[in-house]
Amino acid sequence: MVLNRVPSEYKPRYRTRKGDIATNVLGVCDRNLNFTYVLPGWEGSAADGRVLRDAVVRRNGLKIPEGNYYLCDGGYTNGKGFLSPYRGYRYWLRDWQGDNPSPRCREELFNMKHARARNAIERAFGLLKGRWGILRSSSWYSIKVHNRIISACCLIHNYIRTEMDVNPLDMDMEEQVENQPEHIDVVESFEEWTTWRDELAQSMWNARSNQ
């Protein structure tokens, strides 16, 4: 969503790698393509890792209970609570389609399965933009209103998908947990996390080899 009402002195901060003046939107979704967390507003030039760190430390920010993790793309650190793919190996779904060869090592196999699972967020954003034309065109609203529009579209997206679900009772969003678990409050690389990813990739590779 390109911005047209950014003051000239702030435009360099909002300029993306593609040259557009836009905001950076951090989105998290579940397997049903519902957004569970959205943080719009960061300048388009902001690194993904920086935006994620801000989301984690906010008072009402992104919560990752200990022992849980999110799948994220290669732009993020592979660390506690965030499982990213191996860099330097094939990753995107198109890399495994057509005449492209099957995974040739554990890292490629891990990346293929990671990409298939993480594709949920790509589909969620695709549905969001497909449903709301205002997100596909340039915005003449102020940055504050622009960010609220993004949040509102995500909320209505969730409502529509909940109403269209064959069994909305499976997603009881009002259930309260008495004993709140400890949450991850830092985004950084962990050697232990990297080792766990290697072990996970190796187990996938071994299972494939035994088939």
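Which side chains meet in a salt bridge with 3.1 Å from N to O? They are those of Glu107 and Arg106. A salt bridge here is a side-chain nitrogen of Lys or Arg within 4 Å of a carboxyl oxygen of Asp or Glu.

## The model

This is a predicted model, where local features need pLDDT of at least 70 and side-chain atom pairs count only at pLDDT 80 or more, while totals for chains, interfaces and linings use all residues. Residues are numbered from 1 along each chain as its sequence is written, and side-chain values use heavy atoms, with hydrogens and water left out.

The chain has five helices and four strands. Both are DSSP runs, numbered from the N terminus: helices are H or I with at least four residues, strands are E with at least two. From the N terminus on, the order is α-β-β-α-β-β-α-α-α. Of the 211 residues in the chain, 36% are buried. Buried means under 20% relative accessible area, exposed means over 50%, and partly exposed lies in between (1.4 Å probe, protein chains only).

## Salt bridges

The count comes to eight salt bridges. Back to the opening pair: Glu107 is buried at 12%, whereas Arg106 is partly exposed at 22%. Arg106 also meets Asp198 in a salt bridge, at 4.0 Å from N to O. Asp198 lies in helix H5 and Arg106 in helix H3 (residues 106-131), so this pair ties together parts 92 residues apart in sequence. Asp198 is partly exposed, at 22%.

Arg13 forms a salt bridge with Glu43, and their closest N and O atoms are 2.5 Å apart. Arg13 sits in helix H1 (residues 11-14) and Glu43 in strand E2, so the pair links parts 30 residues apart in sequence. Arg13 is partly exposed at 40%, but Glu43 is buried at 13%. Elsewhere, Arg90, Arg104 and Glu108 are linked in a network of salt bridges.

## Aromatic rings

The structure holds seven aromatic pairs. Rings of Phe, Tyr and Trp (its six-membered ring) pair if their centres lie within 6.5 Å; planes under 30 degrees apart are stacked, over 60 edge-to-face, and the rest tilted. Tyr69 and Trp196 are edge-to-face, with 5.3 Å between centres and 65 degrees between planes. Tyr69 lies in the loop between helix H2 (48-57) and strand E3 (70-71), and Trp196 in helix H5 (residues 191-209), so the pair joins parts 127 residues apart in sequence. Tyr69 is partly exposed at 37%, and Trp196 is partly exposed at 30%.

Trp193 and Trp196 form a tilted pair, 5.2 Å centre to centre with 40 degrees between the planes. Both lie in helix H5, three residues apart, about one turn of the helix. Trp193 is buried, at 15%. Tyr69, Trp193 and Trp196 make one aromatic cluster.

## The core and a loop residue

The largest nonpolar core has 15 residues, of which Leu26, Tyr37, Leu39, Leu52, Leu62 and Phe82 touch the most other members. Elements E1, E2 and H2 each give two or more residues to this core. H2 gives the most, with four. A nonpolar core is a set of buried Ala, Val, Leu, Ile, Met, Phe, Trp, Tyr and Cys residues joined through side-chain atoms within 4.5 Å.

Leu33 has a positive phi of about 70 degrees, although it is not a glycine. Most residues other than glycine have a negative phi. Leu33 lies in the loop between strand E1 (23-29) and strand E2 (35-43). Leu33 is buried, at 4% relative accessibility.
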